[in-house]
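User: I would like to learn how to read helix packing and a chain interface. Can we work through an example?

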Amino acid sequence: MEKQLKKSVIGEPMDRVDGRLKVTGAATYSAEYNIPNLSYAVLVSGTIASGTITGIDTAAAERAPGVLTVITHLNASQLVGYQASTIAANGKPNYRVFGGDKIFFNGQPVAIVVADTFERATYAASLVKTSYQKDEHKTSLEDNLVNAISPSRGKDYQRGIVDAYKTAPVKVEETYMLPTEVHNPMELHNTTAFWDGDKVIVYTKSQGVKATQQSIMNTFKLTEDKVQVNSRFVGGAFGSALRTWPHEIATVMAAKKVGRPVKLLLTREQQFTMVGYRPKTIQKIGLGATADGQLVGITHESYSQSSVYEEFTEGSNNVSRFLYASPNVTTRYKIIPLNVGAPAPMRGPGEATGAYAIESALDELSYKLNMDPIALRLKNYSENDPERNLPYSSKYLKECYSLGSEKIGWSNRSQTPGAVKEGDWLVGYGIGCGVFGAHRGRATAKIKISADGTINIQCATADIGPGTATSMVLIASDALGIPTNKITFELGNSAFPQAGQQGGSSTVSSVGSAVHDVSLALKKKLMELSGKTENDVSPGSYTDILKQQNLPYLEITQGSQGGDEGSKYSMYSFSAHFCKVHVHAITGQVKVVKAVAAVDAGTIINHKTASSQMIGGVVGGIGMALTEEVLFDDRYGRYINGNFADYHVPVHADVPDVDVIFIDKPDPVLNPMGTKGIGEISIIGFAPAIANAVYNATGKRVREMPITPDKLI
Amino acid sequence: MNQFQYVRPVEQASAVKAFVKDANTQFIAGGTNLIDLMKMGVVKPDKLVDINRLPLKDIKKTVTGIHIGALALNSQVAENSLILQHHPVLALALNAGATQQLRNMATVGGNMLQRTRCGYFFDTNMPCNKREPGSGCGAIDGVNRMHAIFGASESCIAVHPSDMCVALAALDATVTVLGLKGERRIPFADFHRLPGDHPEHDNTLQKGELILGIDIPDAPATKNVAYLKVRDRTSYAFALVSVAAVLNIEGGIIKSARLAMGGVAHKPWRLQNAEASLIGKQATVDNFKQAAQIAMQGAKAYKYNQFKLKLGPNTIVQALKTAAGVA
């Protein structure tokens with residue numbers, strides 16, 4: 001395994017290569033392509049949670065000024081290449097946009113209105129009148145636990161004795177609820193599409209242009225060369241752009257119908273119903289331990305909401321299987337199909353939900369044992385993966401505990417809750433751990449060296465915020481020995497070589513490996529051409545080789561993927577989150593006054609962007625613990641606070657200074673750079689760190705997130 | 001959003017005349033609330049009378065106090081030296097509301113006319129007597145965590161969302177309005193109303209009346225003030241409960257006390273009985289607790305806002321402690 005890096009630019013706190021474009025407004029996001037003859041689409045949202053459309057009156061909308069078309073389930077199928085139904089061949093619900101008259105959830109789009117201006121489209125959309133035959137709907141998770149089913153994915157797990165915790169000398173048996181959270185990226189979901197003959201060109205908010213391209217190809221029965229997808233800049237996504245949504249298909253359809261470019265921007269309210277969310281999940285945790293804190297058994301049961309038309313599952317129970325060395329582990333996973341839109345992965349999907357429960361329960365156990373929560377974690381530290389019986393490729397979680405606890409001032413923590421006060425504020429300290437699989441997928445990159453010595457690299461990956469191009473430039477610079485200012489990296493174009501979606505903390509590992517490998521391949525090719533060895537040729541003289549060979553440029557495309565490491569090693573990133581909170585003794589207000597994230601994510605390519613990414617995850621964790629919750633009125637099956645004012649993402653005033661500590665030791669196995677991944681572990685485990693700190697401050701254990709003031713007075 | 005007429009008069013009289021009584025007309029100033037409501041289809045005016053060109057922006061000293069023009073921006077008032085000197089509680093309350101961006105747009109008159117944030121009011125697919133009289137109250141048996149504990153009716157349990165108005169209620173302000181019949185003055189306490197059987201009326205303005213400004217009378221107390229807003233996040237969230245407290249303390253004895261609450265009623269909720277209980281007493285936590293207890297008499301909670309019965313008095317006590325500088 002190659003590990004010669006760690007010399008030059010890797011780790012350098014480099015400014016984002018597109019930072020200037022972004023802060024000056026010069027970066028063109030998907031909704032900003034004002035193509036000539038552009039028209040504007042607005043989706044009409046359905047208003048019932050379950051039933052059948054009995055009538056849809058579009059006459060007034062069609063007559064309204066500037067309207068070009070109104071598409072509903074009544075005329076969608078006439079469009080070339082689009083066939084769909086809301087009832088599948090097996091009789092089960094099948095949600096396809098405008099595919100039929102069935103309504104599965106509130107907010108389901110029932111029509112798309114296209115007009116010559118956005119305002120006219122908006123007005124015309126308000127004139128579409130839909131009538132329904134309502135069916136009884138189910139939207140409450142709590143009320144429908146009896147309808148829980150075992151999904152086809154997300155199997156139950158058993159190690160050792162079933163529910164062994166029950167007979168342990170010391171035990172915790174508690175239920176934790178995490179409400180529905182919505183991704184709410186700043187940039188609204190949007191799509192612009194136009195047809196050039198039989199080819200469609202699409203600008204959309206996507207975490208993977210290749211996947212979006214494939215979806216459009218499948219839906220409209222098109223070949224790859226007939227679908228071009230662009231998503232160069234993405235204003236946040238958090239998982240909400242990991243799939244191709246009905247509004248994207250609807251826009252492509254509308255562009256076909258009107259024969260001119262169509263732009264659709266969801267409203268903030270529609271973002272709550274149309275593009276997924278973190279599903280509300282009820283988790284029951286049983287922990288059993290010996291009197292000296294050795295875990296005897298862990299039981300983790302999850303009940304998670306899903307939709308009636310599609311199974312959504314996530315790894316809520318995963319963490320409990322291997323993070324701690326318990327001989328006996330039982331996990332059970334159930335979903336409850338409800339009349340809600342399908343959930344989608346949201347940052348740290350599943351694991352963030354699961355870590356909230358298990359890390360809270362572990363904290364509860366620490367008080368029962370009268371044992372420091374870090375000592376308890378160390379006592380049950382898993383040196384090897386007990387689930388798969390494999391060594392970890394690398395694990396520096398102990399170092400995270402040690403450095404993080406020192407930074408937060410853990411020694412000032414009292415084991416007795418409510419014992420420390422600063423003025424009217426109760427003071428508490430908490431810890432929560434995060435873990436997420438370190439993955440490497442297949443990716444291909446194209447590299448080109450030009451006569452002027454500049455390097456351009458292309459790959460159809462995405463950048464939803466972490467600074468992908470910047471990291472790739474650093475990796476290429478390091479591999480080639482060429483300065484970063486001579487290297488450009490392009491992404492977000494389906495015509496570029498293949499990459500997976502930006503999700504699961506895997507981009508640097510996957511795409512970075514491809515960039516690394518193709519850079520080395522270029523160097524090798526140059527050496528072959530020159531007939532010399534690396535020792536004889538400085539990177540500065542690569543252009544001489546091109547000149548000697550009479551080449552205007554040299555271009556190489558190469559794929560890269562891992563081997564069988566996954567069968568020999570268990571590969572994870574780890575984080576230990578710490579926080580200090582103030583809780584007002586009288587009003588119940590909670591302030592996170594200090595946060596520390598100590599992270600084992602292998603080699604860090606760019607300390608600056610990596611720190612930013614960690615801070616972003618911590619902010620998400622603050623939201624999960626303290627502010628974010630979708631409220632549902634189950635009588636109507638509708639959201640009560642589906643807007644940006646009443647659904648509370650954390651504001652700046654909720655966020656303290658966040659200290660990020662990277663262990664920054666290379667993983668020797670996963671990829672040539674030694675990286676693991678940080679996107680998910682930045683949030684996983686932070687919410688329980690807050691909940692645990694609040695308990696430490698107050699002696700009150702809130703087991704339903706978010707911890708709002710009313711729950712503490 | 002529906003189509004509407006738009007006019008922009010430069011004189012007060014023509015603004016009032018532009019308000020066609022029969023049509024569904026609305027004045028618009030900062031638009032920070034009205035535009036949202038129009039986008040949601042909650043209100044659908046046929047005509048907007050933009051009053052931003054009217055000369056109503058002054059903040060000035062008068063013989064009896066301070067006058068604030070209806071078009072003074074929330075941020076201007078919050079940063080104004082006269083206000084900071086004479087009525088700091090108003091600045092505190094303003095800065096506790098919304099965001100700086102909104103405060104830079106929102107006017108004093110508009111803030112007074114802010115509609116409730118009740119989720120049922122905002123969703124045209126839900127029942128709401130305030131939005132659509134006779135359609136029922138979605139909140140009374142629904143998600144009512146944010147709702148009223150004082151003065152509600154079977155028709156409506158919504159709360160008034162403004163922070164500024166809580167301070168103005170405590171400051172005994174007077175509102176001057178102009179209608180076709182001329183000017184009239186409305187004591188601030190009578191400006192907003194309880195829902196009763198007509199929650200569609202938030203206030204006692206007659207149709208077509210234009211707010212010209214408010215007057216805050218001089219008062220001795222400027223030092224011992226507090227505005228405490230307890231909310232679900234630190235900024236840009238409506239109050240679970242808020243309290244404006246203005247005390248005049250001499251030699252440890254409370255000479256005068258003015259208290260008002262937000263987030264608890266259809267109007268800013270003045271706590272006169274609690275105020276009276278404090279007069280002549282020492283500024284102690286025990287006396288504050290007693291006042292808070294008196295303040296909560298008659299409170300009635302619903303399924304999800306029971307916590308306000310405790311958070312209310314707690315917030316009163318904490319606000320009084322802060323105002324009085326008592327630990």
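User: How are H8(A) and H16(A) oriented to each other, roughly parallel or roughly antiparallel?

Analyst: This is a predicted model, in which local features need pLDDT of at least 70, side-chain atom pairs count only at pLDDT 80 or more, and totals for chains, interfaces and linings use all residues. Residues are numbered from 1 along each chain as its sequence is written, chains are lettered from A and ligands numbered from 1 in the order written, and side-chain values use heavy atoms, leaving out hydrogens and water.
Angles under 35 degrees count as roughly parallel, over 145 as roughly antiparallel, 65 to 115 as roughly perpendicular and the rest as oblique. Helix H8 (residues 351-368) and helix H16 (residues 686-698) of chain A pack at about 30°, with axes 8 Å apart, and are therefore roughly parallel.

User: Which residues of H8(A) and H16(A) meet?

Analyst: Contact means heavy atoms within 4.5 Å. Among those in H8(A) are Tyr356(A) and Asp363(A), while H16(A) brings Pro688(A), Asn692(A), Tyr695(A) and Asn696(A).

User: What is the orientation of H4(A) and H5(A) to each other?

Analyst: H4 (residues 209-220) and H5 (residues 246-258) of chain A pack at about 55°, with axes 11 Å apart, so H4(A) and H5(A) are oblique.

User: What is the area buried between chain B and chain A?

Analyst: Buried area is the accessible area (1.4 Å probe) that two parts lose on being put together, summed over both. Here the area is about 2900 Å², 58% of it from carbon and sulfur atoms. Each chain's share of the contact is 35 residues from chain B and 35 residues from chain A.

Note on methods:
Axes are lines fitted to C-alpha atoms, for helices over the stretch in contact, and angles run from 0 to 180 degrees between N-to-C directions. Helices (H or I, at least four residues) and strands (E, at least two) are DSSP runs, numbered from the N terminus.
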